[in-house]
Amino acid sequence: MQQIINFIIRYKNFLLYLFLLAVSLGFTIQSHAYHQSSFFNSSSWLTGNIYNTSYSITSYFDLDEENKKLVEENRQLRKILFNYPKSVDTLALDSIQASYTITSGQVIKNSYADRRNYITINKGEKDSVKPDMGVITTKGILGIIENTSNKFATVQSILNVNSNINAKLKNTNHFGSLVWNEETYNVVQLIDIPKLVPLNVGDTIVTGGMSSIFPENIPIGTIKKFDLDNAQSFWRVDVELFNDMTNIKNVYIVNNADRPEVLKLEEETLSDD
């Protein structure tokens, strides 16, 4: 306390000057409209910048939570998209009797430089994820679930020599098989397209929906180039992927609830032959 008193005594003249300056500024601002306006404008500018900086900092730390909300929103929208009945104009999410269900997840490991590339995701059996479920991103297909543990699953990437996915030309609906020739991580091949089918560079390739794993019309990529095979009967088509296979984070696991019934029926049909 004594130190405070000594400080005031030592700097009394300076403190008195500051006090009188503050009083005079207050009287000047109150008695002159111009000074009053300038003061409040400056005050608003200062507080506005403070609030903006505070908001920016808060928003940065909230990005992870906001990202989770966006992923969940995309999951629900894709559920609507995959199950939307074409005979109605409007449909509430809760009213959907869905054949396809969607589970969101994240990539924790990704390979794209091997012959048999696999992706590991942070969803597994406890999340009802099973082998042979499709995996997509917001840009297109990624692969098919191969193995699962309680909390994780491995995905056979479309960049895998064993990958074989039904795909079609969007503008003509001609079907083929999507495979990978190991040459580059952003291009796959569409085979078994008859040479009579008209093709153009830039045409869009989508899922065909014939395998009961992926819904129909999920984006894959666009035609980069094409030529005829050695037998001159089918096109060999290079498809440039929409997905950047080197930079995948958020994914969606697609489950077709009708698939077991379809497979059982097909097996019974084959056994009757």
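Q: What does the accessible surface of the chain come to, and what share of it belongs to carbon and sulfur atoms?
A: The accessible surface comes to about 17,500 Å², and 54% of it belongs to carbon and sulfur atoms. Accessible areas come from the Shrake-Rupley method with a 1.4 Å probe; for residues, only the protein chains shown count as cover. This is a predicted model, in which local features need pLDDT of at least 70 and side-chain atom pairs count only at pLDDT 80 or more, while totals for chains, interfaces and linings use all residues. Residues are numbered from 1 along each chain as its sequence is written, and side-chain values use heavy atoms, with hydrogens and water left out.

Q: Why is Trp235 called buried?
A: Buried means under 20% relative accessible area, exposed means over 50%, and partly exposed is in between (1.4 Å probe, protein chains only). Trp235 has 15%, so Trp235 is buried.

Q: Why is the pair of Phe226 and Trp235 called edge-to-face?
A: The structure holds two aromatic pairs. In the pair of Phe226 and Trp235, the ring centres are 5.1 Å apart and the planes stand at 90°, so the pair is edge-to-face. Rings of Phe, Tyr and Trp (its six-membered ring) pair if their centres lie within 6.5 Å; planes under 30 degrees apart are stacked, over 60 edge-to-face, and the rest tilted.

Q: Which residues does Lys195 touch, beyond those up to four places away in sequence?
A: Lys195 touches Leu228, Gln232, Ser233, Phe234 and Trp235; contact means heavy atoms within 4.5 Å. Lys195 sits in the loop between β8 (187-194) and β9 (204-207). With a relative accessible area of 43%, Lys195 is partly exposed.

Q: How do you know that the span of helix α5 agrees with its number of residues?
A: Helices (H or I, at least four residues) and strands (E, at least two) are DSSP runs, numbered from the N terminus. The expected span is 1.5 Å times one less than the number of residues. For the 14 residues of α5 (residues 259-272) that gives 20 Å, and the end C-alpha atoms are 20 Å apart, so the two agree.

Q: What makes α5 hardly covered?
A: Among its 14 residues, the count of buried ones is one.

Q: Why does Phe19 count as exposed?
A: Phe19, in helix α2 (residues 12-31), has 53% relative accessibility, so Phe19 counts as exposed.
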